[in-house]
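Subject: Structure for you to look at

Hello,

Please find the sequence and the structure below.

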Amino acid sequence: MAFCDTIKLEKGMYNISGKSFTSVLEDLDPSENYKGTSLEGLDAYQRQLKRFNIKVSGRGCDKVEKFFSTPDSAILFPEFLSRAIKQGLTACDVIPEITAVNTIIDGIDYRAIKSETATATQNDATEGNALREVSVRTNSSLVSLKKYGRLFSSSYEALRFQNLDVVAVIFKKIGMDIANEQMLDAVSALVSSGSSAATEVEPETPGTLTYTDLLTLWKNFNPYRPNVMMASSTTIKEILSLPAMQDAEAGLAFHGTGNLVTPLGAKLVMVKGLEDGKIITIDSNFALQMIQSGDVIVEYDKVIDKQLERATISVTAGFSRIFRDAVKVLNYY
């Protein structure tokens with residue numbers, strides 16, 4: 001018998017500060033102990049699913065009631081929901097693509113830092129002159145962390161005979177909706193962090209987007225590299241309609257794969273809710289920090305006790321711009 005088959009599962013495993021349910025299991029049952037065995041490659045949670053013979057996807061996928069066949073296996077269900085939500089949070093890969101770093105904290109208050117480099121002079125390279133100073137300071141204001149979530153309303157009777165892979169899709173969609181809400185706040189932090197607004201680039205002709213405008217954006221990014229452009233669907237359509245973007249090979253790639261043409265090497269990201277005529281361009285390696293308080297929270301007590309009528313699902317996070325010059329905004333309307 002493997003050690004994972006002897007672990008006593010308890011509700012309290014979800015309530016240990018700074019640790020997820022899986023990390024608590026890993027502390028008790030390290031994955032490194034299974035090298036060279038049939039359980040190699042599984043994490044501690046997946047080994048528990050195997051222990052109770054719960055199959056969450058594919059042919060022979062179990063139904064929700066399988067989790068509740070024993071008191072111990074019922075403890076695993078909130079983590080199943082949490083993992084589905086996390087899949088939804090990263091399904092479109094937008095937040096990871098625009099953030100330079102994701103910081104996990106235990107509290108609800110966070111003070112970001114900012115860095116400034118002294119202006120270059122002609123004498124910087126002259127022997128005997130002091131090197132330019134890079135100053136790092138804390139921001140004067142706290143990063144505002146916000147709770148994103150949903151109130152899940154159902155009943156155990158409505159779910160018990162549903163396949164687990166179908167239920168996972170429902171919660172994956174919840175995660176995706178939360179990610180879309182986070183995206184708008186991420187964009188807001190990029191454009192205006194504290195009292196400092198991002199640099200705006202003047203359009204060549206107000207009211208009309210030109211390829212010269214995109215070139216001006218690119219020119220103003222030195223020493224950064226613009227690799228992400230964010231805009232509304234209408235604005236992206238206008239970008240792709242520019243004569244300079246009518247490349248036959250790129251058009252074939254879009255028709256065949258659905259991947260958008262990349263102007264100036266930057267990936268186009270559609271942001272629902274962003275006003276038309278605004279293009280936010282960033283170097284994603286230096287522009288934005290995501291701060292997340294804890295993990296995805298599912299009301300484990302209610303879920304384990306089958307009291308799903310009003311169970312909450314939430315993520316607490318915030319965003320802070322790191323380098324102001326790594327963000328440029330073009331508003332041509």
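**Overall picture**

Of the 333 residues in the protein chain, 41% count as buried. Here buried means under 20% relative accessible area, exposed means over 50%, and partly exposed is in between, using a 1.4 Å probe and protein chains only. Please note that this is a predicted model: local features need pLDDT of at least 70, side-chain atom pairs count only at pLDDT 80 or more, and totals for chains, interfaces and linings use all residues. Residues are numbered from 1 along each chain as its sequence is written, and side-chain values use heavy atoms, with hydrogens and water left out.

The protein chain has 11 helices and 13 strands. These are DSSP runs numbered from the N terminus: helices are H or I with at least four residues, and strands are E with at least two. Taken along the principal axes, the C-alpha atoms of the protein chain fill a box of roughly 70 × 55 × 40 Å. A contact means heavy atoms within 4.5 Å. Among contacts in the protein chain between residues at least 6 apart in sequence, 79% join residues at least 24 apart.

**Aromatic rings**

A pair of aromatic rings is described by the distance of the centres and the angle of the planes. Rings of Phe, Tyr and Trp (its six-membered ring) pair if their centres lie within 6.5 Å; planes under 30 degrees apart count as stacked, over 60 as edge-to-face and the rest as tilted. By this rule there are 13 aromatic pairs.

How are the rings of F67 and F77 placed? Their centres are 5.1 Å apart and their planes are at 50°, so this pair is tilted. F67 lies in the loop between α2 (44-51) and α3 (71-74) and F77 in helix α4 (residues 77-89), so the pair ties together parts that are 10 residues apart in sequence. Both F67 and F77 are buried.

The pair of F286 and F323 has ring centres 6.3 Å apart and planes at 70°, so it is edge-to-face. This pair links distant parts of the chain, 37 residues apart: F286 is in the loop between β10 (278-282) and β11 (288-298), and F323 is in the loop between β12 (311-321) and β13 (327-331). F286 is partly exposed at 37% relative accessibility, and F323 is partly exposed with a relative accessible area of 25%.

One aromatic cluster is formed by F67, F68, F77, F80 and Y156. Elsewhere, the charged end of K328 sits over the ring of F221, 5.1 Å from its centre. For this, NZ of Lys or CZ of Arg has to be within 6 Å of the ring centre and within 35 degrees of the ring normal.

**Nonpolar cores**

A nonpolar core is a set of buried Ala, Val, Leu, Ile, Met, Phe, Trp, Tyr and Cys residues joined through side-chain atoms within 4.5 Å. The largest one has 70 residues, and those with the most contacts inside it are F67, F77, F80, F171, M183, M230 and I282. Which helix gives the most to this core? It is α7 (residues 164-191), with 12 residues. Apart from this core lies another, of 15 residues, among them M229, I236, A266 and L268.

Leaving aside neighbours within four places in sequence, I282 is in contact with residues including I98, L190, F221, M230 and V327.

**Two packed helices**

Helix α1 (residues 21-28) and α2 pack at an angle of about 85°, with their axes 8 Å apart. Axes are lines fitted to C-alpha atoms, for helices over the stretch in contact, and angles run from 0 to 180 degrees between N-to-C directions. α1 and α2 are therefore roughly perpendicular to each other (65 to 115 degrees; under 35 is roughly parallel, over 145 roughly antiparallel and the rest oblique). F21, T22, L25 and E26 of α1 make the contact with A44, Y45, R47 and Q48 of α2.

**Backbone details**

Most residues other than glycine have a negative phi, and most peptide bonds are trans. The peptide bond from N222 to P223 is cis, with omega near 10°. P223 is found in the loop between α8 (211-219) and β8 (228-231).

N53, in the loop between α2 and α3, has a positive phi near 55°. N53 counts as exposed, at 56% relative accessibility.

Regards
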